[in-house]
Amino acid sequence: MSNIMDSFSWLYGKPSCQGQIKVLPEHFVVKENLGFDFTGTGEHFMVKIRKTGENTKYVVNELAKACGVKSRDVSWAGLKDRHAITEQWLSVHLPGKSDPDLTQFVADHPGVEVLETARHDKKLRPGDLAGNWFQLRLTELDMPQDVITRLEQIKLQGVPNYFGEQRFGHNGNNVAKARSWGNDEFRVRDKSKRSFYLSAARSWLFNMVLSSRIEQGKERTLLAGDSLLQHGDERGVIAEPATAELQMQVDKGTMAITAPMMGDNALPTTADAEAFEMGIVEQEPLLLKLICDNRMRHERRSLLLKPQQMEWLLEDNELTVSFALPAGCFATAVVRELMIERELEDGDHANFDQ
């Protein structure tokens, strides 16, 4: 099945195995990890939900009604997919009010369970999470042993840290809209659409740079002037020069080579790395113009992603695999290296969220 991601390179070569994913909601389980404790007091009523067959924004709207507030008073750390079983926290702003009774809310929504409640002094904001734990079931695999071989490679060396196809919209529509907007063909006033298109533009450019480094076999090899991130430290280190010592830290995983999330300020990379990155992103002048016109700030993102707590079980032609990923990383980056998704009969394709 062809999709917009097919234009990007695979780290271990295009998979030979075909299979299906998310035939049933229980074939895709995700549990959110916020990474912090609640204060126990405050204006924000925290609700941990488990939902099946429902998207986050629908549950947010329904929870708002149950709590007697507007939808804008309910927030989340990350959107979660509909065709799945997912656990996540929502925060409801209830200053001066007691905890609401959610019995009727649960009764009216059989696809939603309330697992836990708490109080906190701050609302949840998008991105306020450490990561997610996934359990995926891949079915109807025609070459399961090939998948096992790839899992062993991924556990040791990771996968490309690509943004998944859902970032780009159906058939890449968000990227196409971003190009048109950058070409001044229309104006975008809706705040959420602006965010979608700008995010798609930056993510597309990142994927292009990453794909090119893989294609040239440079995803783990330092270029002079590369921007590196040290594990647990957001401050970058520029490889000037690209020494054997720095390459050794990359090889050990204590430092990560990065690619740009483009902005209107200059790249931090220099020398060969800067020339390499600019040579790629300048192939999309309309996306660059859009990013600069909207004063986006430059950021860096690691080229490679190494799933943690990775385990799997193969039963005949079905594989159950679980792993943890940091916030902002995509389960599709792992699945993409394992198999080619066979199109479902009803055309309902898998769609992952962060």
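Helix 4 (residues 173-182) packs against helix 5 at an angle of about 100 degrees, with the two axes 8 Å apart; helices here are DSSP runs (H or I, at least four residues) numbered from the N terminus, and axes are lines fitted to C-alpha atoms over the stretch in contact, with angles running from 0 to 180 degrees between N-to-C directions. Helix 4 is therefore roughly perpendicular to helix 5, a word used for angles of 65 to 115 degrees, while under 35 counts as roughly parallel, over 145 as roughly antiparallel and the rest as oblique. This is a predicted model, in which local features need pLDDT of at least 70 and side-chain atom pairs count only at pLDDT 80 or more, whereas totals for chains, interfaces and linings use all residues. Residues are numbered from 1 along each chain as its sequence is written, and side-chain values use heavy atoms, with hydrogens and water left out.

Helix 5 (residues 191-215) also packs with helix 7 (residues 271-281), at an angle of about 120 degrees, and these two helices are therefore oblique to each other. The residues that make this contact (heavy atoms within 4.5 Å) include Leu205 and Met208 of helix 5 and Phe276 and Ile280 of helix 7.

| Helix pair | Angle between axes | Distance between axes |
|---|---|---|
| Helix 4 and helix 5 | about 100 degrees | 8 Å |
| Helix 5 and helix 7 | about 120 degrees | 9 Å |

By class, the contact of helix 4 with helix 5 has nine nonpolar, one polar and three charged residues, where Ala, Val, Leu, Ile, Met, Phe, Trp, Tyr, Cys and Pro count as nonpolar, Asp, Glu, Lys and Arg as charged, and the others, Gly among them, as polar. The contact of helix 5 with helix 7 has six nonpolar, one polar and two charged.

Leu205, which lies in helix 5, counts as buried because its relative accessibility is 0%; buried means under 20% relative accessible area, exposed over 50%, and partly exposed in between, with a 1.4 Å probe and protein chains only. Beyond its neighbours within four places in sequence, Leu205 is in contact with residues including Met262, Val281 and Leu288.

Leu205 is also one of the residues with the most contacts inside the largest nonpolar core, which has 72 residues; such a core is a set of buried Ala, Val, Leu, Ile, Met, Phe, Trp, Tyr and Cys residues joined through side-chain atoms within 4.5 Å. Helix 5 gives the most to this core, with eleven residues.
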